[in-house]
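Please read it alongside the sequence and the model.

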Amino acid sequence: PKVRHTIHFTSATRLLRTDNVDANVQMVKALRDCGTESESFNAIVPRMIARKAWDSVCLLYTICVLQDVVFLVCLSLVTYFIAWKGEMPPLSLMLTIAGFTIRSLLLPMLDLILVMQRY
C-alpha cells in the first residue's frame, strides 16, 4: 500500500523532554508494544524516539555481544586443551571462564532487579 507522509510545521520546541526519564521509558515501551509493523512507525516522531533509544544502548549492546563471543572462544579453547592436547587448560583461562560464567548468571538477575525497581 502507498504510504502518505505529511509535513507540519510548529513553533513549539522541545515537545519531547529528554530530562524526564520516566516519560521516555514509557514512550519506548508504548512503541515496542505497537510492533515495528505498526503504522505508528510511519511518523517521524516515533522513529526518532526509537532511534534515540537505540543510540543510547548501542555501545552497551555491542560490548555485551563481544563479551559473549570472547566467552565462546574461551570455551572452545578449553575443549582444545582437553580434547586435542590432552592437558589441563591454563589457570588464567579457567578464571576467565569463571568470570564470564558469573557475568552470564548475574545479568538476568540485574535485569529483574531493575524491572522490579521500576514497577
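How many helices and how many strands are there in the protein chain? The chain has three helices and zero strands, and from the N terminus on its elements run α-α-α. The model is predicted, and the values below are computed from it.

**Overall fold**

- Helix H1 covers 21-34, helix H2 covers 44-85 and helix H3 covers 91-118.
- The protein chain has 119 residues, of which 12% count as buried.
- Taking contacts between residues at least 6 apart in sequence, 42% join residues at least 24 apart.

**Nonpolar core**

- The largest nonpolar core has seven residues in all: Phe71, Cys74, Val78, Phe81, Leu93, Ile97 and Phe100.
- H2 and H3 are the elements that give two or more residues to this core.
- H2 provides the largest share of this core, with four residues.
- Leu93, one of the core residues, is in contact with Cys74, Leu77, Val78 and Phe81, when neighbours within four places in sequence are left aside.
- Of these contact partners of Leu93, Cys74, Val78 and Phe81 are themselves listed in the core.

**Largest pocket**

- The volume of the largest pocket is about 620 Å³.
- Its lining consists of 14 residues, and those nearest the pocket centre are Val25, Val28, Val57, Leu114 and Arg118.
- H1, H2 and H3 each supply at least two residues of this lining.
- H1 contributes six lining residues, the largest share.
- Sorted by class, the lining of the largest pocket holds eight nonpolar, two polar and four charged residues.

**Cysteines**

- How many disulfides does a search of the whole structure find? The search returns zero disulfides.
- In general terms, a disulfide is a covalent bond between the sulfur atoms of two cysteines.
- Cys58 has a relative accessible area of 27%, so it counts as partly exposed.
- Cys64 is also partly exposed, because its relative accessibility is 30%.
- Cys74, by contrast, is a member of the largest nonpolar core.

- Is Leu72 buried or exposed? Leu72 lies in helix H2 and is exposed, because its relative accessible area of 54% is over the 50% cut-off.
- Leu72 and Ile97 are 25 residues apart along the chain, and their C-alpha atoms are separated by 9.2 Å; Ile97 is one of the residues of the largest nonpolar core.
- Thr96 has its place in helix H3. Its relative accessibility is 33%, which lies between the 20% and 50% cut-offs, so Thr96 counts as partly exposed.
- Where is Met88 placed? Met88 sits in the loop between H2 and H3.
- Met88 is exposed because its relative accessible area, 65%, is over 50%.
- From C-alpha to C-alpha, Met88 and Val78 are 8.1 Å apart in space, and they are ten residues apart in sequence. Val78 belongs to the largest nonpolar core and is among the residues in contact with Leu93.

Note on methods: Residues numbered from 1 in each chain as written. Predicted model: local features only at pLDDT ≥ 70, side-chain atom pairs only at ≥ 80, totals over all residues. Heavy atoms only, no water. 1 Å grid on protein atoms, 1.4 Å probe; cavity = no way out; pocket = protein on both sides within 12 Å on 5 of 7 lines; lining within 4 Å. Points joined across faces, edges and corners; volume = space filled by probe spheres on them. Nonpolar A, V, L, I, M, F, W, Y, C, P; charged D, E, K, R; others polar. Core = buried A, V, L, I, M, F, W, Y, C linked by side-chain atoms within 4.5 Å. Buried < 20%, exposed > 50% of the residue type's maximum accessible area, 1.4 Å probe, protein only. Contact = heavy atoms within 4.5 Å. Disulfide = S-S within 2.5 Å.
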